[in-house]
Amino acid sequence: MILRKKLMAGNWKMNRTSTDAVALAQEIVVAIGKQAEVDVVVCPPFTALESVGKALDGSTVKLGAQNMHSEVSGAFTGEISAPMLRAFFATHVILGHSERRTYFGESDEFINKKVIAALKHQLRPIFCVGETLAEREAGATLKVVQTQTERGLEGVSKELATSVVIAYEPVWAIGTGMVATSEQAQEVHAFIRSLLTKLFGEHVAQKVRILYGGSMKSANAAELLGQKDIDGGLIGGASLEARSFVELVKAATVAK
Ligand code: PEP
């Protein structure tokens, strides 16, 4: 049996100036910056990547971005590329977040290009999939997740697939306080792992980490993180306070 190290990632979204982000990063580093049982990633806004990267220096906390363009450079006003993120020593990048899909019209095809580009530049994509409430109520959850997963990972080699982190984020649970039950989440996570087995084989599928995202907090973390196929969390709201984020990292440390 392959043991997957849990990964807890904080998505700070469009919050915190560079100065405020550094203060938050410093608090996190003081509390958990030396532990190595769980992988921890923080994803500040682009404007704070450099300063937060410096604040994380010497700690075990890694730096992630919240998005990137698939091209390396060029006439893409307002965008930022994988080499630019690498220059700040980012190791991870969130791709295909439902807020990008919904508010910025990102398609599966575009997200797929970004996944390929991230891997080409040694960035680990935290690739997000998940259904809306209407899709869940229509019984389409697994179909939606299957389409997003298969399209988003098209052309990814077996060798690089283990660098991908998938985040299952039911859209109806993001920022709403509504959380998927551990059974609902585990069902989808197991389904994603079965898709990965079909795409990349059993060995690779067992290595890929699948995070849960959507109103994770200390009250529900232990149960979610205790599920067989839940390998960590992508955390929005609760990652904006060092105390609540650190509690979640600690919950991941003890989860079996
Ligand atoms: C997210 O945006 O990825 C997320 C999971 O947010 P929240 O934890 O606030 O639901």
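On a 1 Å grid over the protein atoms alone, a pocket is an open set of points where a 1.4 Å probe fits, with protein on both sides within 12 Å along at least five of seven lines, and its lining residues have an atom within 4 Å of a point. The model is predicted, with local features requiring pLDDT of at least 70 and side-chain atom pairs pLDDT 80 or more, while totals for chains, interfaces and linings use all residues. Residues are numbered from 1 along each chain, and side-chain values use heavy atoms, without hydrogens and water.

The second largest pocket holds about 420 Å³ of space. Among its 20 lining residues, Met1, Leu3, Arg4, Lys6 and Lys256 lie nearest the centre. The largest pocket has a volume of about 510 Å³. It is also lined by 20 residues, with Lys13, Met14, Gln66, Arg100 and Phe104 nearest its centre.

Around the ligand stand 14 residues, of which Lys13, Glu169, Gly175, Ser215 and Gly237 come nearest; a residue is counted if one of its heavy atoms lies within 4 Å. Polar contacts are pairs of N or O atoms within 3.5 Å. An oxygen atom of the ligand lies 2.7 Å from a side-chain N or O atom of Glu169. A polar backbone atom of Gly175 is 2.7 Å from a ligand oxygen atom, and for Ser215 a polar backbone atom lies 2.7 Å from an oxygen atom of the ligand. The protein covers 96% of the 290 Å² of accessible area that the ligand has on its own, as given by the Shrake-Rupley method with a 1.4 Å probe.

Key. A polar contact is a pair of N or O atoms within 3.5 Å; within protein, one must be able to donate a hydrogen and the other to accept it, and residues adjacent in sequence count only if both atoms are side-chain atoms. Grid points are joined across faces, edges and corners, and a volume is the space filled by probe spheres set on the points.
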